[in-house]
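Subject: Structure handover

Hello,

Please find the structure below, with the sequence alongside. My notes on the strands, the helices and the aromatic rings follow.

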Amino acid sequence: MEASDDDPAALRALVAAAVARRATLAHDLAAEGTDCYRVFHGAAEGWPGLTIDRYGPLLLAQEFRAELSAEERSAAVAGLGDMGAASLVWRGRYRDAPRGEDTAPIEGCELGARYAVAARHRGLDPWLFLDFRAVRRWLRAHARDQSVLNLFAYTCTAGVAAALGGAREVWNVDFAASNLNLGRDNAVRNGVLGVQHFLCQDCQPVLRQLAGQPVQRRGKTLRFTKVERRTFDVIVLDPPPLARTPFGTIDTARDYESLFKPAWLALAEGGVLLAANNRADVAWSDFESRLRRCAEKAGRPMASLDRLLPEADFPSFDGLPPLKVAVCRRAASGSVAFPATLR
């Protein structure tokens, strides 16, 4: 149930209730070396447009619809209780929001790993996506002795998690050198730089080359870094919801398959592709069926497809969180993959 947008007392109660609900979770996370988690998830906890995240000693409140009034901000802080004494930074994510001064990077911990975080910087998104913890946890548990391709790597937190899980080789691919520099710093912080590779390039031509497909658009050949065709044991595919690049438009609502197919072709037999889609307007059932159909059309049906849900600090009022992660396993040589309708 949503509270009235002009009821500070209601907001204080909502935040306080969210903090109370997370008391056991916060204790359990701390026990495994995690001090970064979502404190208040407004979309599901009664105040859409507001989130409050903890990153170690930092609290980051983000306003997605409009700036809260001074009374509402005070009420939210009061609802945080003792936690509100931590360093709290407000950041507007709505159109024409004031940027504010950049803040100095600090360090947050997750599953014992250390990551650079900053409340405000020249980009929009936090350097550590908290809802992606489930993927990083999966990588810590399943990446031993695997080769890992981390696409749209951003600050390379998934690549670091894979290396900490024992991966023998990790490729981090992102178009922005500044992102990969942060990723390199994260690797150094955790002592896993030795297995990391950083490729500053648009992911689309990299994927197509790995899959053995031509890199062209409308007959025009574009400049790109050359890579050899090869496969990986684990691939993390986490594209932005919508982006325009020299190699085409990325639209994960209408055409996720244009990225999934070459990634699937670059996956080794018996390998796993973690396919993420952040579009809230894409239903899980539709996303799943499209991935299965794409794999079948590529001539490599799936052995299995499972869903990986965000962890408990990201509640969903309908059980269908915006972040959808499909754990897609390719059949090993000699095995039989049955269509979903026969399972």
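Strand 2 (residues 50–55) and strand 3 (residues 58–63) are paired antiparallel over 6 bridges. Two strands pair if DSSP finds at least two bridges between them.

Before the rest, the terms of the model. This is a predicted model, in which local features need pLDDT of at least 70 and side-chain atom pairs count only at pLDDT 80 or more, while totals for chains, interfaces and linings use all residues. Residues are numbered from 1 along each chain as its sequence is written, and side-chain values use heavy atoms, with hydrogens and water left out.

The four-stranded sheet

Within the pairing of strand 2 and strand 3, threonine 51 has glutamine 62 of strand 3 as its bridge partner. An open sheet is formed by 4 strands in the order 1-2-3-4, with mixed pairing. Its edge strands, each pairing on one side only, are strand 1 (36–41) and strand 4 (87–92). From one strand to the next, the twist averages 20°. As background, strands of a sheet pair through backbone hydrogen bonds, either parallel or antiparallel.

Strand 13 (residues 267–277) and strand 15 (residues 324–330) run antiparallel and are joined by 6 bridges. Alanine 275 is opposite alanine 326 in strand 15.

Contact here means heavy atoms within 4.5 Å. Axes are lines fitted to C-alpha atoms, for helices over the stretch in contact, and angles run from 0 to 180 degrees between N-to-C directions.

Helix packing

Helix 9 (residues 257–265) and helix 10 (residues 284–297) have axes that come within 10 Å and cross at roughly 50°. The two are therefore oblique to each other; angles under 35 degrees count as roughly parallel, over 145 as roughly antiparallel, 65 to 115 as roughly perpendicular and the rest as oblique. Helix 9 passes helix 10 in a right-handed crossing. A crossing is left-handed if the near helix is turned anticlockwise from the far one by less than a right angle, and right-handed if clockwise. Glu257, Phe260, Lys261 and Trp264 of helix 9 meet Arg290, Leu291, Cys294 and Ala295 of helix 10.

Helix 8 (residues 203–210) also packs with helix 9, at an angle of about 40° and with the axes 8 Å apart. That angle makes helix 8 oblique to helix 9. Their crossing is left-handed. On helix 8 the contact uses Gln204, Leu207 and Arg208, and on helix 9 Leu259, Pro262 and Ala263.

Helix 1 (residues 8–21) and helix 4 (residues 70–79) have axes that come within 7 Å and cross at roughly 25°. Helix 1 and helix 4 are therefore roughly parallel to each other. The crossing is right-handed. Among the residues in contact are Leu11, Val15 and Val19 of helix 1 and Ala75, Ala76 and Gly79 of helix 4.

Aromatic rings

There are 6 aromatic pairs, where rings of Phe, Tyr and Trp (its six-membered ring) pair if their centres lie within 6.5 Å, and planes under 30 degrees apart count as stacked, over 60 as edge-to-face and the rest as tilted. Phenylalanine 129 and tyrosine 154 have ring centres 5.5 Å apart and planes at 35°, so the pair is tilted. Phenylalanine 129 is in the loop between strand 6 (113–117) and helix 5 (133–142), and tyrosine 154 is in the loop between strand 7 (147–151) and helix 6 (157–164), so the pair ties together parts that are 25 residues apart in sequence.

Regards
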